[in-house]
Amino acid sequence: MEKLLLVQVDEAMGRQISRLASNKKIRVINIEKNDIEEGKPLGAYLGMDVDCQVAGQGLPPDKSLVVFAQVTPKHFDKLLFEMRSKGLKVDYKAVLTPTNGGWDLTSLYEELEKERKSFE
């Protein structure tokens, strides 16, 4: 099942992204700052039975994140295009993989920040 995990995305933007996703029958899960559990694996937020294999220190930064889980390439491209067209900017975007599914959110944010810096 295709899913989007919205982490710390403001309410208005979350509604707009949810609308775009619902047109494609993609389930959206919203995680607010107070819902984040230290050491909880990314996959667990998406309903997967997975243990945390990589845990960062503390809670993630106050930055927005969208995680695409099992989204088809066609839907992935369309969602990114529509988000860009509507000016819906999130700080980070990621795709759920077998590797990062066992990471906690802090570790994912840290890795995304490293990747961003490597491109700059």
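User: Salt bridges to start with: how many does the count come to?

Analyst: The count comes to 4 salt bridges. Keep in mind that this is a predicted model.

User: OK, which residue does K24 form a salt bridge with?

Analyst: K24 pairs with E82, and their closest N and O atoms are 2.9 Å apart. That pair ties together distant parts of the chain, with K24 in the loop between α1 and β2 and E82 in helix α3, 58 residues apart.

User: And is K24 buried or exposed?

Analyst: K24 is buried, because its relative accessible area is 11% and the cut-off for buried is under 20%.

User: What about R15, which side chain does it meet in a salt bridge?

Analyst: R15 meets E11, with an N to O distance of 3.1 Å. Both sit in helix α1, and because they are 4 residues apart there, about one helical turn separates them.

User: Why would that spacing matter for direction?

Analyst: An α-helix has 3.6 residues a turn, so residues three or four places apart point the same way.

User: Where does E37 come in, which residue does its side chain meet?

Analyst: The side chain of E37 meets K40 in a salt bridge, 3.7 Å from N to O. E37 is partly exposed, with a relative accessible area of 45%, and K40 is partly exposed as well, at 22%.

User: Which residues of α4 are buried?

Analyst: The buried ones are L105, T106, S107, L108, Y109 and L112.

User: Let's zoom in on T106. How accessible is that one?

Analyst: T106, in helix α4, has 5% relative accessibility, so it counts as buried.

User: What is T106 in contact with, leaving aside its neighbours within four places in sequence?

Analyst: T106 is then in contact with G56, Q57, G58, L59 and P60.

User: How far is T106 from E2?

Analyst: Their C-alpha atoms are separated by 23 Å, and the two residues are 104 apart along the chain.

User: Pockets next. What volume does the largest pocket have?

Analyst: About 220 Å³.

User: Which residues lie nearest its centre?

Analyst: Nearest the centre of the largest pocket are K93, A94, V95, L112 and E115, out of 13 lining residues. L112 is also among the buried residues of α4.

User: Which element supplies the largest share of that lining?

Analyst: That's α4, with 6 residues. Both β4 and α4 supply at least two residues each.

User: And by class, what is the lining made of?

Analyst: The lining of the largest pocket has 7 nonpolar, 5 charged and 1 polar residues.

User: Last one: why roll a probe over the atoms at all?

Analyst: Rolling a probe the size of a water molecule over the atoms shows where empty space is left.

Note on methods:
Residues numbered from 1 in each chain as written. Predicted model: local features only at pLDDT ≥ 70, side-chain atom pairs only at ≥ 80, totals over all residues. Heavy atoms only, no water. Buried < 20%, exposed > 50% of the residue type's maximum accessible area, 1.4 Å probe, protein only. 1 Å grid on protein atoms, 1.4 Å probe; cavity = no way out; pocket = protein on both sides within 12 Å on 5 of 7 lines; lining within 4 Å. Points joined across faces, edges and corners; volume = space filled by probe spheres on them. Nonpolar A, V, L, I, M, F, W, Y, C, P; charged D, E, K, R; others polar. Contact = heavy atoms within 4.5 Å.
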